[in-house]
Amino acid sequence: MLDLTKLAKAMQGISQHLTLEAAASRQRVELAQELFADACTRQAELVEKQQQWRDRILFSIATPVEPLDTAVDIPIPPAVHTVIATDGSQIAPNQHEIAYCYLLNIGRVVLHYGQNRQPLLDSLPEVFYLPEDLYVSRQWGIRTEEWMGYCRTASEATVLAELAIVGARGVERGARGEVPLLAMVDGSLIYWFLEQLPLEARDRILPPILDAWDQLKDAGIPMMGYLSASRSGEAINFLRLQACPHENPDCVTYCPNLVVEKAPCQMLDPLRDIALWTSSLKPGQRSTLWRSSHRILDLYGCHTVYFCYVHVGTEIARIEVPAWVAENQALLDQSLSLMLAQVQKGYGYPVALAEAHNQAVVRGGDRARFFTLLEQQMIKAGLRNVGISYKEARKRGSIA
């Protein structure tokens with residue numbers, strides 16, 4: 001139980017800290033705007049330096065592929081279209097429960113507009129209980145709970161591709177002309193966690209994702225990652241090239257101890273990308289398109305990730321798309337128009353993603369029913385002494 005009286009004392013002073021931080025943040029934004037204006041005049045030179053000194057720069061910098069001050073109006077979406085989304089949730093393994101297993105639940109949503117077709121709103125549960133599922137990750141020093149999250153990411157991509165392909169076939173059979181489709185996922189398409197995985201473990205997670213993306217690419221169905229309240233600083237790191245006091249951005253020579261010491265170009269920290277476009281973009285506009293330079297994308301092949309920032313009306317959202325979408329202007333514009341329509345229908349957040357989350361989420365009652373069903377199956381199979389541990393029993397009911 002949370003003691004609110006003690007909590008109030010512990011929080012004393014936080015308002016003063018937040019006030020000071022807000023003032024400092026405004027100063028950083030003003031400085032960022034000055035650096036941004038200067039960088040606009042030197043964009044080609046800065047991009048050339050970035051490419052030339054890439055192996056000597058010790059932080060990730062996105063590369064602009066359009067003028068930095070780009071502000072493009074997103075077109076009006078077509079009345080007839082289809083949006084597909086997936087999201088996942090799980091029940092983690094617990095040694096105190098009646099059985100050591102875990103569950104992945106993938107929410108599926110297909111919304112048809114202007115087609116007089118019923119939507120799809122459901123979820124696909126899968127239970128993992130075999131030793132090779134529960135303990136395979138331990139050989140790489142990865143906890144089962146972490147491995148479960150990685151597997152969930154791969155399952156979301158696989159289910160998304162399956163839905164999109166089936167949905168595209170259904171549209172072709174029943175529609176006059178081509179109906180635009182968009183496949184959406186919640187969060188980034190850049191899976192940073194892959195960097196820390198051993199090669200053998202990575203080969204179990206990334207290939208299914210890329211296979212799913214290949215299917216979408218071959219079918220001509222654009223996909224998109226939607227990030228609300230993004231904390232990314234890839235684009236603002238481009239301004240560090242402008243702020244660098246040295247002739248060349250050679251971090252290895254001039255600033256080798258970035259982990260311990262703050263570099264001179266880090267004057268904007270901890271400012272994030274969205275601060276650059278909060279005041280410059282109008283609702284319904286997108287920023288310049290950027291190509292991410294994160295190292296893990298070297299493994300993505302033709303699916304390297306591009307991104308832009310969009311003023312969706314309620315916030316500045318980061319939108320990520322694979323290269324084959326970004327390099328097709330018509331496909332990119334169509335995807336952004338469908339995304340913006342989703343945000344408007346969802347009152348600030350894409351309705352397809354919100355519904356996919358609602359289908360996937362496992363609440364307390366669902367968790368209890370899952371273990372009740374599992375207990376019934378174990379008893380039916382003839383197992384005896386089925387029950388939770390004494391520790392779990394005591395945690396669920398106080399005797400004080």
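Modeller: Let us begin with the length of a helix. The expected span of a helix is 1.5 Å times one less than its number of residues. Helix α11 has 17 residues, 329–345, and should therefore span 24 Å; its end C-alpha atoms are 24 Å apart, which agrees. Helices (H or I, at least four residues) and strands (E, at least two) are DSSP runs, numbered from the N terminus. This is a predicted model, in which local features need pLDDT of at least 70 and side-chain atom pairs count only at pLDDT 80 or more, while totals for chains, interfaces and linings use all residues. Residues are numbered from 1 along each chain as its sequence is written, and side-chain values use heavy atoms, with hydrogens and water left out.

Colleague: Which residues of α11 are buried?

Modeller: Buried means under 20% relative accessible area, exposed over 50%, and partly exposed in between (1.4 Å probe, protein chains only). In α11 the buried residues include L331, L332, M339 and V343. Just after this helix, Y347 takes a positive phi of about 55°. For the chain as a whole, 49% of the 400 residues count as buried.

Colleague: In the largest nonpolar core, which residues touch the most other members?

Modeller: In soluble globular proteins, nonpolar side chains tend to be buried together. A nonpolar core is a set of buried Ala, Val, Leu, Ile, Met, Phe, Trp, Tyr and Cys residues joined through side-chain atoms within 4.5 Å. Here the largest such core has 79 residues, and W213 and M339 touch the most other members. Helix α5 (residues 144–174) gives the most to this core, with 13 residues. Apart from this core lies another, of 32 residues, among them L46 and W290.

Colleague: What does W213 touch?

Modeller: Contact means heavy atoms within 4.5 Å. Not counting residues up to four places away in sequence, W213 touches A157, L189, Y191, M223, Y300, H303 and W324.

Colleague: How many residues line the largest pocket?

Modeller: On a 1 Å grid over the protein atoms alone, a pocket is an open set of points with protein on both sides within 12 Å along at least five of seven lines, and lining residues have an atom within 4 Å of a point. The largest pocket is lined by 18 residues, of which R54, I61, S293, H294 and R295 lie nearest its centre.

Definitions and conventions:
1 Å grid on protein atoms, 1.4 Å probe; cavity = no way out; pocket = protein on both sides within 12 Å on 5 of 7 lines; lining within 4 Å.
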